[in-house]
Amino acid sequence: MKALSRRRFTLMALSAPFALLGAHAAQANLIETLLSRAQLPKYPDELWVLVDDREATLSVYRGNRLLERFAPISLGRSGAKPARLRGSNVTPLGEFRVNRFNRQSDWHIFIGLDYPTPTHARMALEEGVYSQQDYDDYFDYYRRRGYPPQQTALGGFIGIHGIGKGDPDIHSQFHWTQGCVAVTDEQIERLAGLIDIGTRVVIR
């Protein structure tokens, strides 16, 4: 199935209202500004990953040179949006860093991302999803642990993973995850061999 059809199906059949983090221009502009700077390599030989919602692809670059492209990929059942709430099945847009690998995952291999980022926390505060105390607690946790809290109103446990115990037929046709980026088991093995802790991942 073509990428456009996958996206159209997701938007028409599976999307749900996202009222608390609605389409506010300031919020969208914050992510758009971030992504406008993120979609270029930080230095000439940077190894980085680009996940494209519209094309349903995951691409690995060395600088501007394409090394690998995986398609079709699957995203959250409710699509990709600038912000998400816990349980919303939304894939967050933004710029992330790989911060962990789980090779005993039910999803074959799980490559964790540092979501929610400080940008997402700031948006949550501005939208009233985080109180000032929540916001302060977020940064206190991040400073002490070295990674963001995973059990806040924004949810967590976002990453890139394989199909594992999932259904390959569903993966080939629909967006099916709870907010992660999914590729095939063979592709996640290849990806895990290319990237490392600290690799930059852009989801747009």
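Helix H3 (118-126) is part of what covers the buried residues of helix H4. Contact here means heavy atoms within 4.5 Å. Helices (H or I, at least four residues) and strands (E, at least two) are DSSP runs, numbered from the N terminus. The model is predicted: local features need pLDDT of at least 70, side-chain atom pairs count only at pLDDT 80 or more, and totals for chains, interfaces and linings use all residues. Residues are numbered from 1 along each chain as its sequence is written, and side-chain values use heavy atoms, with hydrogens and water left out.

H4 spans residues 132-145 and has 14 residues. From first C-alpha to last, H4 reaches 20 Å, close to the 20 Å expected at 1.5 Å a residue. That expected span is 1.5 Å times one less than the number of residues. The buried residues of H4 are Tyr135, Tyr138 and Tyr141. They lie on the same side of H4 because they cover an arc of only 125° around the axis. The arc is that of the directions from the helix axis to the C-beta atoms. Buried means under 20% relative accessible area, exposed over 50%, and partly exposed in between (1.4 Å probe, protein chains only). The face turned away from the buried side carries the exposed residues Arg143 and Arg144. Gly146 follows H4, and its phi is positive, near 85°.

The structure holds 8 aromatic pairs. Rings of Phe, Tyr and Trp (its six-membered ring) pair if their centres lie within 6.5 Å; planes under 30 degrees apart count as stacked, over 60 as edge-to-face and the rest as tilted. Tyr135 and Phe139 form an edge-to-face pair, at 5.0 Å centre to centre and 75° between the planes. These two residues are 4 apart in H4, so about one helical turn separates them. Tyr135 is buried at 14% relative accessible area, whereas Phe139 is partly exposed at 22%. Phe139 also pairs edge-to-face with Tyr138, at 4.9 Å and 85°. Tyr138 is buried, with a relative accessible area of 1%. Ring pairs link Tyr130, Tyr135, Tyr138, Phe139 and Tyr142 into a cluster.

Strand pairing was examined next. Two strands pair if DSSP finds at least two bridges between them. Strand S6 (residues 94-105) runs antiparallel to strand S10 (residues 200-203), joined by 4 bridges. Phe96 has Val201 of S10 as its bridge partner. S6 is also antiparallel to strand S7 (residues 108-113), through 5 bridges. Here Asn102 is partnered by Phe110 of S7. S6 and S7 form a hairpin with 2 residues between them.
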